[in-house]
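Here is a walk through one protein model. Keep the sequence and the 3D view open as you read.

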Amino acid sequence: MQRGCSPVNHIAPVRVAAVGCGYWGPNVIRNLSEVPGFELAWVCDADPARLAPVATRYPTTRATTRIDDIFADPTVHAVYIATPVSSHYRFVKRALDFGKHVLVEKPLATTVERAEELAEIARARGLTLLVGHTFVFSPPVRKVKELIDSGMLGPIYYVETTRVNLGLFQKDVSVLWDLGPHDVSILNYWLNEVPTHVSARGRSYVGEALEDVAFLTLEYPSGILAQLQISWLAPSKLRRTSIVGRQKMIVYDDLEPVEKVKIYDRGVDRQPASFGEFQLTYRSGDILSPRLDTTEPLRIECEHFLECIRTGRTPDASPQSGVDVVRVIHAAERSLRTGGSPQPVYEPVAAMEPTP
Ligand SMILES: NC(=O)c1ccc[n+]([C@@H]2O[C@H](COP(=O)([O-])OP(=O)(O)OC[C@H]3O[C@@H](n4cnc5c(N)ncnc54)[C@H](O)[C@@H]3O)[C@@H](O)[C@H]2O)c1
């Protein structure tokens, strides 16, 4: 079904509707309401109790429990979707079919085929489809990208990342689909490549079927290994990543109030010794913490959404990056089901149905 909405012009505000006023949606809705150039036209949640406080906060915005009211409004140019993961495909597809630009929370969809289909619809209709890989818009993550691209780390050996806390247990997806997209999107963005193979082990300790703890190993074409630990079942919240390069190392700790990124001038050098043997020398130099922009990542994400709608540029968190993340998580899911054996990211995609 192909329908249109009134075209975006460069003077009038872009009218955006937000669907999903649960835990996460209101954070983005606040930013959409504050970014000049957007007009928050509708807020929507199927649950009136979730909708009510948000509707009260934006008294000039229309409120509804029926998502179809939004699709049927031809004056709505763009839709923000923050509903449960299992509903993303259905709602994004309908929004695109109605000619709306879309910002959808991660992950784009729960199968590779569906993610690719959405990317193709957006491309064919010339609509912006931005995947809410929030961390790609986070100043410390962008600073690390800048440092990696500058070459100051030297060749990167490996990356290790921990994203654990107590809860929030999701009802429709495992921790793999809930927390995994954050780290995979960050790593793919930093390294500018997509893993070739993924292996994963995980367990459902508290729930019945959906894993609440998972350990992933990603192998990138450049040879970089990345180790990811994700969990809803941990004594304290940790958001810590180490990137180990030959020249320098970086620690990115998102929970640090100010010095979220630290560059360590540390390493081990191999020096030739006698009789063809090598001697290791350890380097332990300064620790540097670069100044970071303090803008809220969601503000940057919403401003970027507006810019992409207005100019037609491909979003930094593009549909293709959304497809790549789904591919990696899907491969991890296959690995989980086969006891942790490494699975190719690109083949085969139709071998099994994912859990969500
Ligand atoms: N970017 C981030 O850092 C981040 C953080 C947390 C969650 N998320 C994502 O945000 C999304 C929502 O997660 P959450 O934790 O807020 O979930 P949630 O369950 O708290 O909220 C989802 C809301 O969607 C509503 N909803 C469900 N079906 C609907 C329908 N048919 N029409 C209208 N409303 C409907 C529910 O009533 C609920 O209020 C997920 O995709 C999640 O992955 C992103």
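**Ligand, domains and loops**

A polar side-chain atom of Thr134 sits 2.6 Å from a nitrogen atom of the ligand. That is a polar contact, meaning a pair of N or O atoms within 3.5 Å; within protein, one must be able to donate a hydrogen and the other to accept it, and residues adjacent in sequence count only if both atoms are side-chain atoms. This is a predicted model: local features need pLDDT of at least 70, side-chain atom pairs count only at pLDDT 80 or more, and totals for chains, interfaces and linings use all residues. Residues are numbered from 1 along each chain as its sequence is written, and side-chain values use heavy atoms, with hydrogens and water left out.

Stay with the ligand. Which residues come nearest to it? Of the 21 residues around the ligand, they are Trp24, Asp45, Arg50, His88 and Thr134. Here a residue is near if one of its heavy atoms lies within 4 Å. Arg50 places a polar side-chain atom 2.8 Å from a ligand oxygen atom. Lys106 uses its backbone instead: an N or O atom there lies 2.9 Å from an oxygen atom of the ligand.

A cis peptide bond joins Lys106 to Pro107, with omega about -10 degrees. Pro107 is placed in the loop between β5 (101–105) and α5. Helices (H or I, at least four residues) and strands (E, at least two) are DSSP runs, numbered from the N terminus. Lys106 also forms a salt bridge with Asp178; their closest N and O atoms are 3.4 Å apart. A salt bridge needs a side-chain nitrogen of Lys or Arg within 4 Å of a carboxyl oxygen of Asp or Glu.

Now zoom out. The domain assignment, automatic or from a database, gives domain 1 (14–134 + 298–315) and domain 2 (136–292 + 326–344). The contact (heavy atoms within 4.5 Å) takes 19 residues from domain 1 and 16 residues from domain 2. Taken over C-alpha atoms, the domain centres are 29 Å apart. Two salt bridges are counted between domain 1 and domain 2. On the side of domain 1 that touches domain 2, α5 (112–125) and α9 (297–311) are the elements that give two or more residues.

Gly167 and Leu168 are joined by a cis peptide bond, omega about -15 degrees. Leu168 is in the loop between β7 (156–166) and α7 (175–178). Asn192 is not a glycine, yet its phi is positive, about 60 degrees. Asn192 lies in the loop between α8 (180–191) and β8 (197–203).
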